[in-house]
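Q: Can we go through this model together? I'd like to begin with the sheet and then move to the helices.

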Amino acid sequence: MGESQDTCLSSLVSSYSSVCVSKKESWKLFRVGNRLSKSKTMAEIKVVGVVGCGQMGTGIAQLAAVHGLNVWLHGRNPVALSRAKTFIAGNVRRMISKGRISQAKGDNALSLLSYTTNLEDFQDADIVIEAIVESEDAKKNLLRQLDRIVKPSGILASNTSAISITRLASATSRPRQVIGMHFAYPPPVMKMVEIVRGADTSDGTLLATKALAERFKKTVICSQDFAGFIVNRILMPMINEAFHALYTGVATKEDIDAGMKLGTNHPMGPLELADFIGLDVCLSVMKILHAGLGDNKYLPCPLLLQYVDAGRLGRKHGIGVYDYRDAAKQAQPSARL
């Protein structure tokens, strides 16, 4: 990039501190950055591992490859991995056809992607980003395995949208190198990455993760390690309240969504957005908020629970609040007054 490592580190620390920390903490980070530069412990991230070949994991893997990084995408199911590979190739072709990237860059991105069902292939990864099911037990179990496999200098990042990074890090022998890196869906499109520092996350891990997000051309926001962080602490209670409005008969689903889109300029209504996210994910986050913050205002709406119990999980299952199995049933704002 033409800048020395010292200059890059100083810039990173200055940028981070202007948004996320006090002046006293900023000066501390500046000194830390200089020490990191001199000892060359802040190695450039070149190899990214992504665990989970669902919507989030596939999007993160595509994003990293398009920005010139070697990527390993892991999935337990070879069929799901093949689907992810086809999905990424289709997305990259669309980016080329729309002029967003050159043919050469697109071809290079696809060549940088490797697919595996074996976590052992992550041993040389500089950072591994997990994007599996939103379950604390499942994530801890995965992090224990990665802690054993990934090289000692590797960073373990979680794409969790609500679970405590400190608790996840406790499952490893390297809590200083565990951090939250929450992408908004879909990762190649959405402009934000929410970075969450656990109780033991080191300055070097924080700076390296922020540098990676900025390489992806993302705007970084920083949250303390509290349930739901920033985005879902605000978003999920709104979605839950929309379910309450539907549950108690305040209005139809179409009018609830139309009201929020047209009255507050949201691009999607809360119920439509819940279907897009996945109702199971919304329910999981509400349970985490309720358990972590201890306030009954975070209790999941009974209707949300019922839909999840019925397997109505949203777009990914063809039906949620809306029915996507028939084009005629696609969500449309109501014309009624």
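Q: Which residues of β1 point one way, and which the other way?

A: This is a predicted model. In it, Val47, Gly49 and Val51 point to one side of β1, while Val48 and Val50 point to the other. All of them are buried.

Q: And how many residues of β1 are buried?

A: 5 of its 5 residues, so the strand is mostly covered.

Q: How do β1 and β2 run, parallel or antiparallel?

A: Strand β1 (residues 47-51) and strand β2 (residues 70-74) run parallel, joined by 5 bridges. Valine 50 stands opposite leucine 73 in β2.

Q: Helices now. What does α9 reach from its first C-alpha to its last?

A: α9 has 17 residues and reaches 24 Å, close to the 24 Å expected at 1.5 Å a residue. Just after α9, glycine 249 takes a positive phi of about 80 degrees.

Q: Which residues in α9 are buried?

A: Asn232, Leu235, Met236, Ile239, Asn240, Ala242, Phe243, Ala245 and Leu246.

Q: What do they pack against?

A: The buried residues of α9 pack against β6 (178-183), α10 (253-264), α11, α12 (279-293) and α13 (302-309).

Q: At what angle do α9 and α11 pack?

A: About 115 degrees, for helix α9 (residues 231-247) and helix α11 (residues 270-277), with their axes 9 Å apart. α9 passes α11 in a left-handed crossing.

Q: Which residues make the contact?

A: On α9, Leu235, Met236, Met238, Ile239, Ala242, Phe243 and Leu246; on α11, Pro270, Leu271, Leu273, Ala274 and Ile277. By class, the contact has 12 nonpolar residues, no polar ones and no charged ones.

Q: Take isoleucine 277 in α11. Why does it count as partly exposed?

A: Because isoleucine 277 has 24% relative accessibility, and buried would mean under 20%.

Q: What does isoleucine 277 touch?

A: Leaving out residues up to four places away in sequence, isoleucine 277 touches Leu235, Met236, Ile239, Cys282 and Lys316.

Q: Whole protein, then: how many helices and strands?

A: 13 helices and 8 strands. Buried residues make up 49% of the 337 residues. Of the contacts with a separation of 6 or more, 67% are accounted for by residues 24 or more positions apart.

Terms used:
Residues are numbered from 1 along each chain as its sequence is written. This is a predicted model: local features need pLDDT of at least 70, side-chain atom pairs count only at pLDDT 80 or more; totals for chains, interfaces and linings use all residues. Side-chain values use heavy atoms; hydrogens and water are left out. Axes are lines fitted to C-alpha atoms, for helices over the stretch in contact, and angles run from 0 to 180 degrees between N-to-C directions. Helices (H or I, at least four residues) and strands (E, at least two) are DSSP runs, numbered from the N terminus. A crossing is left-handed if the near helix is turned anticlockwise from the far one by less than a right angle, and right-handed if clockwise. Contact means heavy atoms within 4.5 Å. Ala, Val, Leu, Ile, Met, Phe, Trp, Tyr, Cys and Pro count as nonpolar, Asp, Glu, Lys and Arg as charged, and the others, Gly among them, as polar. Two strands pair if DSSP finds at least two bridges between them. The expected span of a helix is 1.5 Å times one less than its number of residues. Buried means under 20% relative accessible area, exposed over 50%, partly exposed in between (1.4 Å probe, protein chains only).
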